[in-house]
Amino acid sequence: KGKESQLTKGQFVLADNSIIGTVSSVSAGGARVNLFTSPASNIAVEIAGTKHFMRGEGNNAAKILMMKDKPKIGAEVMAAKAPGLLNAPVIIGRVARCERNAESAVLWDVIVEPVCDMERLNDVVVIVMNPETQPN
């Protein structure tokens, strides 16, 4: 699907009831998806009630840098609400491991892995909200 289906850059993409990335570009007949694990990805997330930015690391993982509190292994990481794009937090991954930050030993870098097996996906869904509320 593409522009004719109201797809626009920045929309969230779901698979297996979890966010896997965002639409990165749209043409008349198709769209490209930037997986949250891609090094080009930077997504606002919530973990343990606090908001952070998570960047893709490649190799089926992403990283939240410099968290004050160490989250539990297995804790859910949620894509944060985004006006016009996502009206409620949706699971994006789980904490796989925590490492001390290289610049500050009192902070944590958190490695996040997807909750779904992206290698085995057959179908995805793009969240299309009301066109009047979507950013341009």
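Predicted model: local features only at pLDDT ≥ 70, side-chain atom pairs only at ≥ 80, totals over all residues.
A residue counts as buried when its relative accessible area is under 20%. Cysteine 116 has a relative accessibility of 8% and is therefore buried.

**Overall form**

The protein contains 10 strands and 0 helices. Read from the N terminus, its elements follow the order β-β-β-β-β-β-β-β-β-β. Along the principal axes, the C-alpha atoms occupy a box of roughly 50 × 30 × 25 Å. The radius of gyration is 15 Å, which agrees with the value near 14 Å that a compact globule of 136 residues would have. Of the 136 residues in the protein, 41% are buried. Contacts between residues at least 6 apart in sequence include a share of 49% that join residues at least 24 apart.

**Buried residues**

| Residue | Relative accessible area |
|---|---|
| Cysteine 98 | 16% |
| Cysteine 116 | 8% |
| Serine 41 | 5% |
| Glycine 93 | 0% |
| Threonine 22 | 16% |

Cysteine 98, at 16%, counts as buried because its value is under the cut-off of 20%. A disulfide is a covalent bond between the sulfur atoms of two cysteines. How many disulfides does a search of the whole structure find? The search finds 0 disulfides.

Glycine 93 belongs to strand β8, which covers residues 90-100. With a relative accessible area of 0%, glycine 93 is buried. Leaving out residues up to four places away in sequence, glycine 93 touches Ala75, Glu76 and Val77, together with Val112, Glu113, Pro114 and Val115. The C-alpha atom of glycine 93 is separated by 9.7 Å from that of isoleucine 111, and the two residues are 18 residues apart along the chain.

Serine 41 is found in the loop between β3 (31-35) and β4. Is serine 41 buried or exposed? A relative accessibility of 5% places serine 41 among the buried residues. When residues up to four places away in sequence are not counted, serine 41 touches Asn34, Leu35 and Phe36, and also Met54, Arg55 and Gly56.

Threonine 22 is part of strand β2. Its relative accessibility of 16% makes threonine 22 buried. Beyond its neighbours within four places in sequence, threonine 22 is in contact with Gly10, Gln11, Phe12 and Val13, with Arg32, Val33 and Asn34, and with Ile43. Threonine 22 and valine 126 are 104 residues apart in sequence, while their C-alpha atoms are 8.3 Å apart in space.

Rolling a probe the size of a water molecule over the atoms shows where empty space is left. The largest pocket holds about 180 Å³ of space. By residue class, the lining of the largest pocket divides into 7 nonpolar, 4 polar and 1 charged.

Conventions: Residues numbered from 1 in each chain as written. Heavy atoms only, no water. Disulfide = S-S within 2.5 Å. Buried < 20%, exposed > 50% of the residue type's maximum accessible area, 1.4 Å probe, protein only. 1 Å grid on protein atoms, 1.4 Å probe; cavity = no way out; pocket = protein on both sides within 12 Å on 5 of 7 lines; lining within 4 Å. Points joined across faces, edges and corners; volume = space filled by probe spheres on them. Nonpolar A, V, L, I, M, F, W, Y, C, P; charged D, E, K, R; others polar. Helix = DSSP H or I, 4+ residues; strand = E, 2+ residues; numbered from the N terminus. Contact = heavy atoms within 4.5 Å. Rg over C-alpha atoms; globule rule 2.2 N^0.38 Å.
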